[in-house]
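These are my notebook entries on a structure that I had not examined before. I set down what I looked up, in the order in which I took it.

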Number of protein chains: 4
Amino acid sequence: MPLTELKNAVLEANLATVQHGLVIATFGNASGIDRGAGRVVIKPSGVPYDQMTAEAMVVTDLNGQVLDNRLRASSDLGTHLALYRAFPEIGSVIHTHSTFATIMAQAMVPIPPFGTTHADYFRGEIPVTRPLTPDETGADYVEATGAVIVETFRGRDPLDVPAVLVAGHGPFVWGRTPEEATLNALILEEVARMAWHAMMLRPALQPIATHLLDRHFLRKHGADATYGQPS
Amino acid sequence: MPLTELKNAVLEANLATVQHGLVIATFGNASGIDRGAGRVVIKPSGVPYDQMTAEAMVVTDLNGQVLDNRLRASSDLGTHLALYRAFPEIGSVIHTHSTFATIMAQAMVPIPPFGTTHADYFRGEIPVTRPLTPDETGADYVEATGAVIVETFRGRDPLDVPAVLVAGHGPFVWGRTPEEATLNALILEEVARMAWHAMMLRPALQPIATHLLDRHFLRKHGADATYGQPS
Amino acid sequence: MPLTELKNAVLEANLATVQHGLVIATFGNASGIDRGAGRVVIKPSGVPYDQMTAEAMVVTDLNGQVLDNRLRASSDLGTHLALYRAFPEIGSVIHTHSTFATIMAQAMVPIPPFGTTHADYFRGEIPVTRPLTPDETGADYVEATGAVIVETFRGRDPLDVPAVLVAGHGPFVWGRTPEEATLNALILEEVARMAWHAMMLRPALQPIATHLLDRHFLRKHGADATYGQPS
Amino acid sequence: MPLTELKNAVLEANLATVQHGLVIATFGNASGIDRGAGRVVIKPSGVPYDQMTAEAMVVTDLNGQVLDNRLRASSDLGTHLALYRAFPEIGSVIHTHSTFATIMAQAMVPIPPFGTTHADYFRGEIPVTRPLTPDETGADYVEATGAVIVETFRGRDPLDVPAVLVAGHGPFVWGRTPEEATLNALILEEVARMAWHAMMLRPALQPIATHLLDRHFLRKHGADATYGQPS
């Protein structure tokens, strides 16, 4: 994939988070990776969204070495890199402070699969990380945030549940492509909103049955997917 | 009715669900039926709303036989067909995952008629289906969803309460025309939003009196309707 | 005042309720009165807002005699007229089903003055009417709605608290002019939204002190008002 | 700084509160100060936002003496001046009735730092003032509002937590520049919204750890800030 194409896709993912109301101010950041070339493209730090261009995207390698150093990379770069190194299946990471996903992250309440909207995109509960220790909040804070996410997903397929709530912080979301990660970020916010309201009305509400969860997830994902047009 | 006209009306109904904020991503689907010709027109599966045209609408018969097979029909086609076969009074079906109607479906709490906004369009409580069994969530899942809706309405006039909440899933709404079904989908979301908030503030709140419910419903529906301009 | 001017002002008030998100579909209606000429101008019934013109406004006298009969008047005309007859100080009435004001009307919970946003426009609690009896919900239902509002304001100055919540229905709001009634409808929705959330967080919350309530109300209303530019 | 530049910046801050949905009607007011020239620029009272120009901004000295008297200054001028006199570090003050910040002010519940969205801009709990006494609600009400804010911040750095909730009223926010105060007003509303929802779901929720709070605040503020592009 040409670098220009990846830069454009990452720019679009960043702009889409604003268009979908998932970020305010300069919060949030999206990245993408070209696994073959070993290049990561990420939003620059603190640049207003309405002045952002594909050229402004920062290029690094998987260790965070900046290959194109006009602008400083997003301050969350280290978290993105930790996820790319640990989850070889993923091609894009998005971080937002979207309202309801962040509320659940602040309350440290995982999002149970209460309905098929959730099941269409996430095959089970969206987990919350443990809080970071004082040591983890030091110089390597951003990398430690990545490590605690990876710890949370030990033994799980990150594409089954492509999102996590970092305790006291907010959501990180991923996908095979920037387009898929963008969609997952949008759906996460909606299922967080719905879960918050459903839990408030019925505090003892149970998740949907596994047969319904799987039926919906597998309709949209995997070898037997029947949703959408044949490709 | 010419097929072109029905396709346009179904397209408009699909686009209206987006304009009214009732669907995100490619969720949701609207259909219409020409009873005389035995033709059903429905949204194609997984096509972005901003690229949708009247020509992209898929035409089938009442058994789901596709009569125009360029695009795959909405994955919920089987539910729409079950409703058309069981409810001869209806001419259009709309399925959304609109936020508050879906919250109530997830919480499995029916929507009581708490006010005249509800009574203007729905003559009584909007019911929730029972959850589907593992068997019903198999190969014929979509048809079974239709069957459980029909079961919920046994002995009831589907035009008195033109909406249902499928447990753990979301709302299906209908009407005599695509325009009417669109309006019912919009009002359903608003009455679900209001009911959620009213129940949270006053958990023991009772529905409005039957005399007020009927007064409002019959002002807009039936032979003695006085709302709007004489036709 | 020329009738054309009143028609324009009433049209603007109707359109403003849509622009402010206070009505959906064809819900809601605004009217104005020329006291000198004894003419009331009101929205026609069931006409889509995006097709509404000043010419479409319906003109009646204070008894509801239509003086310009091209279109049928709003089905709530009788309530507006009852208010104009009982409250000689008012020049405009607006009825909406705005979300939070309607939630409070459905829950039959009056809106206490919890803050200065409320106090700037309403000098005290916004009351809820009693529910209408079966008899009052008959042929003269719309007039009875007006009568129960007037009953609720017995002994009160309708310009001190220019709004009411009709139990199980929604808000009616008024003012000296269509512009003022529009503003009151907008503020009412906001104070209802705030009050719902404040009550949920602190169920035993008390209203602000009378000295603060009066300080704010009188800053914007009455002979000693200091808000805005000198006229 | 030329006065024209300050007027433009204050106009922009006022308009931004509308664009960000922080004010309705003619609520809200933003001001800025040129410390060298001893001149304060503030919104005029009661002028519709869509008719507001830089020239309409009112110029006063630090005692409220109007130096350009075409229009009456915002009725909250006295509060702004009290803050400028007490907090020499600040260059701009913004007052809004933004929904969730006002709800918390009405409920008299301080906003704890539940997450990093809060910590990025506010180094600790956003406090609520005590209610004003009847005496303080007299002729010098506006100045007394300023005094009670200053009292609340005794012994605290106003740039560590650049916002306060005035009990039963709403938020006042500040910053070194109108741009910074605008951003603080926007973030305040978002953290108030999140805190309200997090508290409703988990009433006993505790603030984030001090090490996380400081880590985020100092990433964006102070000598060792690493967020954004090098200036």
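**Aromatic pairs.** I searched the whole structure, a predicted model, and found 24 aromatic pairs over all chains. I counted rings of Phe, Tyr and Trp (its six-membered ring) as a pair if their centres lie within 6.5 Å, with planes under 30 degrees apart taken as stacked, over 60 as edge-to-face and the rest as tilted.

I looked up B:F87 and B:F153, which form an edge-to-face pair, 6.0 Å centre to centre and with 65 degrees between the planes. This pair links distant parts of the chain, 66 residues apart. B:F87 is in the loop between α2 (77–86) and β4 (92–95) of chain B, and B:F153 is in the loop between α5 (141–152) and β5 (163–166) of chain B. Helices (H or I, at least four residues) and strands (E, at least two) are DSSP runs, numbered from the N terminus. Both B:F87 and B:F153 are buried; buried means under 20% relative accessible area, exposed over 50% and partly exposed in between (1.4 Å probe, protein chains only).

I then turned to C:Y121 and D:F27, whose pair is edge-to-face because the ring centres are 5.9 Å apart and the planes stand at 70 degrees. The pair crosses between chains: C:Y121 lies in the loop between α4 (116–119) and α5 (141–152) of chain C, and D:F27 in the loop between α1 (3–19) and β1 (29–34) of chain D. C:Y121 and D:F27 are buried.

I noted a cluster linked by ring pairs, made of A:F100, A:W196, B:F100, B:W196, C:F100, C:W196, D:F100 and D:W196.

**Charges over rings.** I took a charge to sit over a ring if NZ of Lys or CZ of Arg is within 6 Å of the ring centre and within 35 degrees of the ring normal. A:R156 lies over the face of A:F153, at 5.3 Å from the ring centre. In chain C, C:R156 lies over the face of C:F153, at 5.3 Å from the ring centre.

**The sheet of chain C.** I traced an open sheet of 7 antiparallel strands in the order β4-β3-β2-β1-β5-β7-β6. Two strands pair if DSSP finds at least two bridges between them. β4 (66–68) and β6 (163–166) of chain C are at the edges with a single partner strand each, so one side of each has no neighbour in the sheet. From one strand to the next, the twist averages 25 degrees.

I followed β5 (residues 92–95) of chain C, which 4 bridges join to the antiparallel β7 (residues 170–175) of chain C. C:I94 stands opposite C:V173 in β7(C).

Helix α6 (residues 178–201) of chain C lies across β5, β6 and β7 of chain C, at about 145 degrees to β7(C). Axes are lines fitted to C-alpha atoms, for helices over the stretch in contact (heavy atoms within 4.5 Å). Angles run from 0 to 180 degrees between N-to-C directions.

**Relation of the chains.** I laid chain D on chain A by a turn of 90 degrees and a shift of 0.0 Å along the axis, with an RMSD of 0.0 Å. This is the relation of a four-fold axis. I superposed copies by least squares on the C-alpha atoms of residues with pLDDT of at least 70 in both.

**Conventions.** Residues are numbered from 1 along each chain as written, and chains are lettered from A and ligands numbered from 1 in the order written. Local features need pLDDT of at least 70 and side-chain atom pairs pLDDT 80 or more, while totals for chains, interfaces and linings use all residues; side-chain values use heavy atoms, without hydrogens and water.
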